[in-house]
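Thanks for coming, everyone. Please have a look at the structure on the screen, and then I'll walk you through it.

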Amino acid sequence: MYVSISASQWGSPTAPRKALLIHGLISSSNSWEGVAQLLAAEGFFVVAPNLIGHAWRRGTNYRVSTLVEDLRPYFVKDTSYDVIIGHSLGGTVALSLMPFLPKTKETAVILLDPPLEIVKGTSKLHKGSFLNEVANVRTNKELADNHGLSRRDCVLRALGVSMCHRTVVEGVFLHNKSWSFSGLLKNIPPNVKITMLLADPEVGAVCHLEHIPRGVERLDVKVLPGIGHCIHYECANAIVDAIPLPRAKL
């Protein structure tokens with residue numbers, strides 16, 4: 001068990017609803033600032049853990065199952081969440097968390113462009129892209145020019161990359177060689193509703209419709225036209241709008 005747990009929090013711990021946000025590879029809990037502020041304004045207490053190997057957390061095992069097990073402390077003493085949101089790698093982690101969810105609690109799970117399947121032969125390409133980002137952290141201007149991000153999100157994205165070592169990227173791909181998680185969508189518990197928000201294939205989507213099982217109950221899939229992989233930066237409002245829960249009247 002890894003004891004150096006760290007996380008970011010927004011809102012009041014006494015808020016009527018709770019949200020758990022799980023970041024992606026070479027990112028950090030800070031990346032959720034925009035989404036978390038919106039949720040806090042809607043009456044949520046928001047918790048965003050830093051995954052093993054991120055935000056200076058040390059680790060040696062980067063299997064998705066290990067990342068999931070590391071989040072067990074967030075479910076102690078029957079702690080539950082009204083909504084769980086995962087981006088990219090965090091989406092596969094969120095999907096793998098379903099056995100931990102209380103069976104008596106209705107939970108909305110929102111997956112942001114999660115890599116459900118990595119086709120054989122493309123793993124090296126994906127790994128190379130992440131390694132290049134870690135080795136060449138882009139400036140705020142480069143991020144703004146290439147992705148149209150706000151100054152805040154440029155800073156937060158660069159911060160996450162800066163706090164992640166290349167060995168984490170190498171470990172994630174090494175320890176998850178048979179990358180296949182789409183089968184988990186076939187076993188959605190009756191108390192869980194999953195919404196998948198996918199990036200536009202024309203602008204860098206990593207989750208493809210052909211990898212998603214069809215005819216699954218309690219599963220809603222939406223492609224966001226013109227939106228890239230970093231949905232939480234580019235389209236935070238769409239994430240909040242996807243939460244199938246009544247809004248708080250503040």
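Let's start with a pair of charged side chains. D220 and K222 meet in a salt bridge, at 4.0 Å from N to O. Keep in mind that this is a predicted model. How accessible are the two partners? D220 has 29% relative accessibility, so it counts as partly exposed. K222 comes out at 40%, so K222 is partly exposed too.

Why do such pairs form? Side chains of opposite charge can pair when their charged atoms come close.

How many salt bridges does the structure hold? The count is nine. Let me show you some others.

Take R72 and E69. Their side chains form a salt bridge at 2.8 Å, N to O. R72 is partly exposed, because its relative accessibility is 41%. E69 is partly exposed as well, with a relative accessible area of 34%.

Next, D82 and K105. This is a salt bridge whose closest N and O atoms are 3.0 Å apart. The pair links distant parts of the chain, 23 residues apart. D82 sits in the loop between helix 2 (64-70) and strand 4 (83-87). K105 sits in the loop between helix 3 (89-96) and strand 5 (107-112).

Is D82 buried or exposed? D82 has a relative accessible area of 11%, and buried means under 20%, so D82 is buried. K105 has 23%, so K105 counts as partly exposed.

One more item on charges. E133, R138 and R157 are linked in a network of salt bridges.

Now, pockets. How much space lies in the largest pocket? About 830 Å³. Its lining has 38 residues. Which of them lie nearest the centre of the largest pocket? They are S88, F130, G204, V206 and H229.

Several helices take part here. Helix 4 (123-135), helix 6 (151-162), helix 7 (166-175) and helix 8 (231-234) each supply at least two residues of this lining. Which helix gives the most? That is helix 4, with five residues.

What about the classes of residue? The lining of the largest pocket has 18 nonpolar residues, 15 polar ones and five charged ones.

On to the second largest pocket. About 230 Å³ of space lies there. It is lined by 13 residues, and the closest to its centre are I118, S123, K124, F173 and K177.

Helix 4 and helix 7 come back at this point. Each of the two supplies at least two residues of the lining of the second largest pocket. Where does the largest share of that lining come from? From helix 4, with three residues.

By class, the lining of the second largest pocket divides into five nonpolar, four polar and four charged residues.

Last stop: L174, which is found in helix 7. How far is L174 from A238? In sequence, the two are 64 residues apart. In space, they are 33 Å apart, C-alpha to C-alpha.

That's the tour. Questions, please.

Note on methods. Residues are numbered from 1 along each chain as its sequence is written. This is a predicted model: local features need pLDDT of at least 70, side-chain atom pairs count only at pLDDT 80 or more; totals for chains, interfaces and linings use all residues. Side-chain values use heavy atoms; hydrogens and water are left out. On a 1 Å grid over the protein atoms alone, a cavity is a set of points where a 1.4 Å probe fits but cannot get out, and a pocket is an open set with protein on both sides within 12 Å along at least five of seven lines; lining residues have an atom within 4 Å of a point. Grid points are joined across faces, edges and corners, and a volume is the space filled by probe spheres set on the points. Helices (H or I, at least four residues) and strands (E, at least two) are DSSP runs, numbered from the N terminus. Ala, Val, Leu, Ile, Met, Phe, Trp, Tyr, Cys and Pro count as nonpolar, Asp, Glu, Lys and Arg as charged, and the others, Gly among them, as polar. Buried means under 20% relative accessible area, exposed over 50%, partly exposed in between (1.4 Å probe, protein chains only).
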